Amino acid sequence: MIPRLFRVARRRRETPDTWTVELEPASGPTLIAEPGQFTMVYAFGVGEVPLSVAGGGSGNGRESQRGRLTHTVRAVGAVTQALCATPPGAAVGVRGPFGRGWPLAEAVGADVVVVAGGLGLAPLRPLVRRMLARRADYGRLAVLVGARTPADVPYRRELARWRERPDVQAVATVDTAGPGWTGRVGVVTALLADARFDPASTVAFTCGPEVMMRFAAGALLERGVPAERVHLSLERRMLCGLGHCGACQLGPLLLCRDGPVHRYADVGRLLTVREL
Amino acid sequence: MPSPDSALGAGPDAEPPELSASPVFADLDADRAALLAGCGRPVAFAANEMIFREGARAEAFYVIRRGTVAIETVVPGRGALTIETVGPGGVVGWSWLFPPYRLQFDARAVTAVRATALDGACLRGKCAGDPALGYELLSRLARVLIERLQATRVRLLDVYGPAGPAALAGADR
């Protein structure tokens, strides 16, 4: 599949090593992606990486109104460092969207708990935005975010806006904090104790480091949320995005095609198999 | 020491100790709850007020009813670092359980806090006189301690750190 040419329309620093980039097509229509899907983004001359759709493209947010596709990128390797350094106006390649996103329809009429760890908030952000745009369609909404330090909490301004809404319970916690931080300190799963939701009629969405999702799913199940209503976004090394190369295999699943979003009831067992 | 006459003005008669509101003491037999509550008194702390300080004698533990408490320690050159925060229903203070009964960390009210302070010597006395009560109390507190230990272990993994996965945003390492 040949990458389409996109240009960086805007970029802003989210955390010390993370940037959010808004992309617009060099020509033709914008790319329409559902919350939870991902694209393969190509830094020309360097390489290609899978990036979750973090906004736009899916009919919500200002980027979408401008016809932009948004990704949040953490500079951890050669490609992501190149993407974070790509200035407005410069070109990148985009393939996709790929994969199955969050099953929003399942959450209609239900309480919703979103548990995000670090940059795991990126693929959950369009989901939350979609729910806020159609707030009456859902029950109580709790957005629980964990990060390493206060400086590493992504989308701080947007989180602050969510916190101001009476119909959203948005809470952030960090692993370590110095003077000046007045928020919570501790693991993100500890926030579940104060989250307001009816476990029997709750749909949960979680994304972040896999070990965090395992603990989050365990805590949700302990609260009484059924395993088939806990959805998590898994990652392995996505390469082709089409389910052909097998690089992202997890047991019987090819995460780029069958996922990245899965039910915990279907994949929970696989997460504790050491060989996978 | 707790300061029941703090700026919030919650004196001993302001609110009865409501231990059952905490998950730690939920479903506790009414007689035993009454026995434990006999060691308790309501306390209140204003935002930013110290609840206890490292090195002081551990005379009580606190069941938080409202507000948030930060467990802190001072690191030279870095100031007071928050190790953990505890919200409503949580328990703060373990050093009353065993000699030398010395507090290991600071506790500060992040927001206005209302809590039940349970006197350690009183509890130890009641538990010594009623081993079944002691077993019940220590079982419940051990559960909280295990949860805290497990949470601390997860944090030690530093899953959000540079070596951790990056949620479809850094597969090029």
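The model is predicted.

**Domains of chain A**
- Domain 1 spans residues 4-98 and domain 2 spans residues 104-233.
- The contact draws 21 residues from domain 1 of chain A and 15 residues from domain 2 of chain A.
- The C-alpha centres of these two domains of chain A are 24 Å apart.
- About 1,400 Å² is buried between domain 1 and domain 2 of chain A, with carbon and sulfur atoms contributing 51%.
- A:Glu34 and A:Arg130 form a salt bridge through their side chains, at 3.3 Å from N to O.

**Hairpin of chain A**
- Strand S3 (residues 38-43) of chain A runs antiparallel to S4(A), and 6 bridges join the two.
- Within this pairing, A:Tyr42 lies opposite A:Glu48 of S4(A).
- The hairpin of S3(A) and S4(A) has 3 residues between the strands, and A:Gly45 adopts a positive phi near 85°.
- Strand S4 (residues 47-52) of chain A is largely enclosed by the rest of the structure, because 5 of its 6 residues are buried.

**Sheet of chain B**
- Chain B contains an open sheet of 4 strands in the order S1-S8-S3-S6, with antiparallel pairing.
- Strand S1 (40-45) and strand S6 (91-92) of chain B are the edge strands, each pairing on one side only.
- Strand S3 (residues 60-66) and strand S8 (residues 113-119) of chain B are paired antiparallel over 6 bridges.
- B:Ile64 has B:Ala115 in S8(B) as its bridge partner.
- Helix H2 (residues 120-129) of chain B packs on the sheet and touches S3 and S8 of chain B, its direction making about 45° with that of S8(B).

Terms used:
Residues numbered from 1 in each chain as written. Chains lettered and ligands numbered in written order. Predicted model: local features only at pLDDT ≥ 70, side-chain atom pairs only at ≥ 80, totals over all residues. Heavy atoms only, no water. Buried < 20%, exposed > 50% of the residue type's maximum accessible area, 1.4 Å probe, protein only. Pairing = 2+ DSSP bridges. Contact = heavy atoms within 4.5 Å. Axes fitted to C-alpha atoms, helices over the stretch in contact; angles between N-to-C directions. Domains from an automatic or database assignment. Buried area = accessible area lost by both parts, 1.4 Å probe. Salt bridge = Lys/Arg side-chain N within 4 Å of Asp/Glu carboxyl O.
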